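Open the model in your viewer and keep the sequence panel beside it. This tour goes from the whole chain to single side chains.

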Amino acid sequence: MPSRKKAQGKARKEKKQAAKQSNTPHIDSGARACRHDSQQRRDWSRNDVDTAKKLADEYLSKYGSGRSSRDLYQLTDEVYGEYRQLNDDEKELFKEMMVMNGTAAVIAEANRTDLSTVSTVSTVPDAVPFINVILTIEVRDRYDGALDLNIEKEIYNSMSDIVPCPRETVRLFHRRNSCDCLKDLYYKLKETTKRKSFCWRCMLVFDIREMCRCRHCEVAQYCSYGCAVAHWPKHKDECEVWRLCQETKKTEL
């Protein structure tokens, strides 16, 4: 009589093989309750979550109003300041709202397209505002809410490693979810795709192992030396700022 562990291992192998052979990712509904389906999202309005929900709605309405990247950083900084004023329960609720809505965006995109074939600067555009605020909260909370160029650089590098990469985008929400809805999709992407990032000059997406960072600031990424040289006139002023912040950090250490 086969042991239970062997049976479970066999079931996992069969499930993984089925995910490989499938042309479209299987989104498992999971045994645990999901917080990202449409009914649960409507339930937020019936719970005592007015403060957290108001902050989330305000952030999303401003994020989608056509801003420059610098304005978006400022907006996220403003939202983080308001987030710090919430009590502990409201903070957890706000973060859960960001994860919940981001997961819904990923699932919707996965049902429309095969994410393993996506090769754009933004894998799931509708999930970017949620990735942005989740990373900002997690990084800045580690530094007790502080913000300087080194912390901003850490947030930016995390964004540039996640947003263009389908696998990392799905992984971010999968690891923060209470359900397993993204589990099959993540493991499929992990086996069939590579980590990706984008070139600052040509804006094309490449395997991250083929990219090189600017040796001065260690922020800008390029697919080739030619792109790095061609982009230098635009990058040099920003590069100087990042470089000085890098030197300051090394001096402090």
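Start with the contacts across the chain (heavy atoms within 4.5 Å). Among those between residues at least 6 apart in sequence, 65% join residues at least 24 apart.

This is a predicted model, where local features need pLDDT of at least 70, side-chain atom pairs count only at pLDDT 80 or more, and totals for chains, interfaces and linings use all residues. Residues are numbered from 1 along each chain as its sequence is written, and side-chain values use heavy atoms, with hydrogens and water left out.

**Whole chain**

Colour by pLDDT, the predictor's confidence in each residue, from 0 to 100. The chain averages 80, and 75% of the residues score at least 70. Now select residues 22-32, where the pLDDT is below 50. Beyond near neighbours in sequence, this stretch has 23 contacts in the model.

Switch to cartoon. Helices (DSSP H or I, at least four residues) and strands (DSSP E, at least two) are numbered from the N terminus. There are 10 helices and four strands. Along the sequence the order is α-α-α-α-α-α-α-α-α-β-β-β-β-α.

The chain exposes about 14500 Å², and carbon and sulfur atoms supply 49% of it. These areas come from the Shrake-Rupley method with a 1.4 Å probe; for residues, only the protein chains shown count as cover. Of the 253 residues, 42% count as buried. The classes are buried (under 20% relative accessible area), exposed (over 50%) and partly exposed in between, with a 1.4 Å probe and protein chains only.

**Helix α6**

Select residues 128-142, helix α6, and pick Thr-136. Is Thr-136 buried or exposed? Its relative accessible area is 6%, so Thr-136 is buried. Its side chain reaches the backbone oxygen of Asn-132 at 2.8 Å. Leaving aside neighbours within four places in sequence, Thr-136 is in contact with Thr-76, Tyr-80 and Ile-155.

Next, take Arg-140, also in helix α6. Arg-140 counts as buried because its relative accessibility is 7%. Beyond four places in sequence, its contacts include Asp-77, Tyr-80 and Ile-155. Gly-145, Ala-146, Leu-147 and Ile-151 are also among them.

Step to Asp-141 in helix α6. At 31% relative accessible area, Asp-141 is partly exposed. Not counting residues up to four places away, Asp-141 touches Tyr-80, Tyr-83 and Arg-84. Which side chain makes a polar contact of 2.6 Å with that of Asp-141? The partner is Tyr-80. A polar contact is a pair of N or O atoms within 3.5 Å; within protein, one must be able to donate a hydrogen and the other to accept it, and residues adjacent in sequence count only if both atoms are side-chain atoms. Draw a C-alpha to C-alpha line from Asp-141 to Arg-84: 9.3 Å in space, 57 residues in sequence.

**Aromatic rings**

Show Phe, Tyr and Trp. Their rings (for Trp, the six-membered one) pair if the centres lie within 6.5 Å; planes under 30 degrees apart count as stacked, over 60 as edge-to-face and the rest as tilted. Ring pairs link Tyr-80, Tyr-83 and Phe-94 into a cluster.

The structure holds four aromatic pairs. Zoom to Tyr-156 and Trp-200, an edge-to-face pair because the planes meet at 75°, with centres 5.7 Å apart. Tyr-156 is in helix α7 (residues 149-162), and Trp-200 is in the loop between β1 (196-198) and β2 (205-207), 44 residues apart. Finish on Trp-200, buried at 11% relative accessible area.
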